[in-house]
Amino acid sequence: MSQQPTTTQTPCATAGAATTPKVVVVAASCDSNSSTRKWTKKAEKQMNEQINAELTAQYAYIAMAQYFERNDVALKNISKYFYKCAEEEGGHGKIFINYQNKRGGTVHLLPIQPFNIPCEFSALKAFQKALDLEKHVYDVLLKTHDSSSNDPELTDLIASDFLHEQVDAIYNLNSYITNLEMVGQGLGTYIFDREMKV
């Protein structure tokens, strides 16, 4: 709620004349830097970094999903899992794009570094790559959370809607990596894929 100017009356005493009130307008003080409605340049820049992190992860997940979908790899559930991850990251990117616009910022789409599948690739390496992606997104989320020191709306969005989900994703990926290390390649990876719930 904006503050209204206040008025005070001071007597104007003149000899032999009637006293008339003099109105003095006192402007209300407003420090714009303390306003939680202000979207700072630092927050705007960091939000674009967040968008980039989400879309970069999406791009890498699509690359891995199509690899496991190939008929000479044929690990269908792992493929479905990474397509699902790609969809989630793209959805997060869209949320942050909408939020940037809602707060009055400007979306600058930054270059995305493609992830090209190496010649020697496996399910284990794919989940290790996914873990690196999720850890990077988590680190960027923390920077976005701290990018505006007096903006509880932003910090609540990040803490309530994204950080918990990110911690769960990192935990699940670490668990998948442990399972794949136990079973090994070949038949073990085939069974892992068959038993995987997507």
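**Reading a helical model**

Modeller: Let's start with H4, where Leu154, Leu157, Ile158, Phe162, Leu163, Gln166, Ile170, Leu173, Tyr176, Ile177 and Leu180 are buried. Buried means under 20% relative accessible area, exposed over 50% and partly exposed in between, with a 1.4 Å probe and protein chains only. Helices (H or I, at least four residues) and strands (E, at least two) are DSSP runs, numbered from the N terminus.

Biologist: And the ground rules?

Modeller: This is a predicted model, in which local features need pLDDT of at least 70 and side-chain atom pairs count only at pLDDT 80 or more, while totals for chains, interfaces and linings use all residues. Residues are numbered from 1 along each chain as its sequence is written, and side-chain values use heavy atoms, leaving out hydrogens and water.

Biologist: What do the buried residues of H4 pack against?

Modeller: Look for contacts, meaning heavy atoms within 4.5 Å. The buried residues of H4 pack against H1, H2, H3 and H5.

Biologist: How far apart are the end C-alpha atoms of H4?

Modeller: The expected span of a helix is 1.5 Å times one less than its number of residues. With 32 residues, H4 should span 46 Å, and its end C-alpha atoms are 46 Å apart, which agrees. H4 also has a kink of about 40 degrees centred on Phe162, where the bend is the angle between axes fitted to the seven residues ending at a residue and the seven starting there. After H4 comes Gly184, with a positive phi near 75 degrees.

Biologist: Which residue follows H2, and what is its phi?

Modeller: Gly104 follows H2, and its phi is positive, near 90 degrees. H2 itself has 27 residues and reaches 39 Å from first C-alpha to last, close to the 39 Å expected.

Biologist: Which residues touch the most other members of the largest nonpolar core?

Modeller: A nonpolar core is a set of buried Ala, Val, Leu, Ile, Met, Phe, Trp, Tyr and Cys residues joined through side-chain atoms within 4.5 Å. The largest one here has 47 residues, and Tyr61, Met64, Phe68, Ile78, Phe82 and Phe127 touch the most other members. Helices H1 (41-69), H2 (76-102), H3 (123-145) and H4 (152-183) are the elements that give two or more residues to this core. H1 gives the most, with 13 residues.

Biologist: Where is Phe192 found?

Modeller: Phe192 is in helix H5 (residues 187-195), and it is buried at a relative accessible area of 10%. Leaving aside neighbours within four places in sequence, Phe192 contacts Ile78, Phe127, Tyr176, Asn179 and Leu180. Ile78 is 114 residues away along the chain, yet the two C-alpha atoms are separated by 8.9 Å.

Biologist: How should I read its ring pairs?

Modeller: A pair of aromatic rings is described by the distance of the centres and the angle of the planes. Rings of Phe, Tyr and Trp (its six-membered ring) pair if their centres lie within 6.5 Å; planes under 30 degrees apart count as stacked, over 60 as edge-to-face and the rest as tilted. The count here comes to 15 aromatic pairs. The Phe127 and Phe192 rings have centres 5.9 Å apart and planes at 80 degrees, so this pair is edge-to-face. Their pair links distant parts of the chain, Phe127 in helix H3 and Phe192 in helix H5, 65 residues apart. Tyr176 and Phe192 are also edge-to-face, at 5.9 Å centre to centre and 90 degrees between the planes.

Biologist: How many disulfides are there?

Modeller: A disulfide is a pair of cysteine sulfur atoms within 2.5 Å, and a search of the whole structure finds zero. Cys85 is buried at 9% relative accessible area, whereas Cys119 is exposed at 81%.
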